[in-house]
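Dear colleague,

I am handing over the structure we spoke about, and I would be glad if you could look through it with the notes below beside you.

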Amino acid sequence: MILLNEALLIAPCGMNCCICMAYLRKRNKCPGCRIEANKPVTRVICKIKTCDILTKDKLTFCFECESFPCKSLKHLDKRYRTRYGMSMIENLENIKKLGMEEFLKNEKIRWTCTECGGTICVHKGYCYNCGREI
Ligand SMILES: [Zn+2]
């Protein structure tokens, strides 16, 4: 699968980097999971990003893998569902079902602040621009 523009900000695990705290912050900003340049030093080495199957088979997303959803992904997904009300597995299933373009359109609606048009941060649970809580 060839990814262009905003699609490059969707990580193999289904995480939308646009709504990540590390991407939204001003200092030591992360360029996104797929972008190799200027990675913040504090960045955690992700088990999924460095997954052997993903690398070896040159998979774009975890749903292309025969082990999908594997233990690591389920673990991450559970943490995000519980703590942040967001599911990576659901994201991946939507990409598969609706296609990337439709998925991105829905993501845009879901995470855009209705007050100011800024981006809602999944980790913080509020708009990064005006501070409005969701
Ligand atoms: Zn706002």
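Which exposed residues does the face of H5 turned away from its buried side carry? Before I answer, please keep in mind that this is a predicted model.

The residues in question are Glu101, Lys108 and Ile109, which are exposed on the face of H5 turned away from its buried side. Helix H5 itself covers residues 100-111, and its twelve residues reach 16 Å from the first C-alpha to the last, close to the 16 Å expected at 1.5 Å a residue. Its buried residues are Met100, Phe103, Leu104, Glu107 and Trp111. Seen down the axis of H5, these buried residues fall within an arc of 95°, so they line one face of the helix. They pack against helix H4, which is made up of residues 88-98.

H3 has 14 residues and spans 19 Å between its first and last C-alpha, close to the 20 Å expected at 1.5 Å a residue. Buried in this helix are Leu73, Leu76, Asp77, Tyr80 and Tyr84. Viewed down the axis of H3, the buried residues lie within an arc of 100°, so they line one face of the helix. H4 is included in what covers the buried residues of H3, while Lys71, His75, Lys78, Thr82 and Arg83 are exposed on the other side of H3. The helix is followed by Gly85, whose phi is positive, near 65°.

Within H3, which runs over residues 71-84, I would draw your attention to Asp77. Why does Asp77 count as buried? Asp77 has a relative accessible area of 3%, and it counts as buried because the cut-off is under 20%. Not counting residues up to four places away in sequence, Asp77 touches Met86, Ser87, Met88 and Ile89, and with Ser87 there is a side-chain to side-chain polar contact of 2.8 Å. Asp77 and Cys13 are 64 residues apart in sequence, yet their C-alpha atoms are 8.9 Å apart in space.

Leaving aside neighbours within four places in sequence, Thr60 is in contact with Met1, Leu3, Pro12 and Arg34, and a polar atom of the Thr60 side chain lies 3.4 Å from the backbone oxygen of Met1. Pro69, found in the loop between helix H2 (52-56) and H3, is partly exposed, with a relative accessible area of 29%. Its contacts, with neighbours within four places in sequence left aside, are Lys74 and Ile89.

Finally, there is the zinc ion. Its protein donors are the SG atoms of Cys113, Cys116, Cys127 and Cys130, lying 2.3 to 2.4 Å from it, and the donor residues are spaced C-x2-C-x10-C-x2-C in sequence. The angles among the four donor atoms are 102 to 114°, and the site is tetrahedral.

Note on methods. Residues numbered from 1 in each chain as written. Predicted model: local features only at pLDDT ≥ 70, side-chain atom pairs only at ≥ 80, totals over all residues. Heavy atoms only, no water. Helix = DSSP H or I, 4+ residues; strand = E, 2+ residues; numbered from the N terminus. Buried < 20%, exposed > 50% of the residue type's maximum accessible area, 1.4 Å probe, protein only. Contact = heavy atoms within 4.5 Å. Polar contact = N/O pair within 3.5 Å; in protein donor to acceptor, adjacent residues only side chain to side chain. Expected span 1.5 Å × (residues − 1). Arc of directions from axis to C-beta. Donors = N, O, S within 2.8 Å, 3.2 Å for Na, K, Ca; no water. Tetrahedral: all angles 85-135°; square planar, octahedral: opposite > 155°, others 65-115°.
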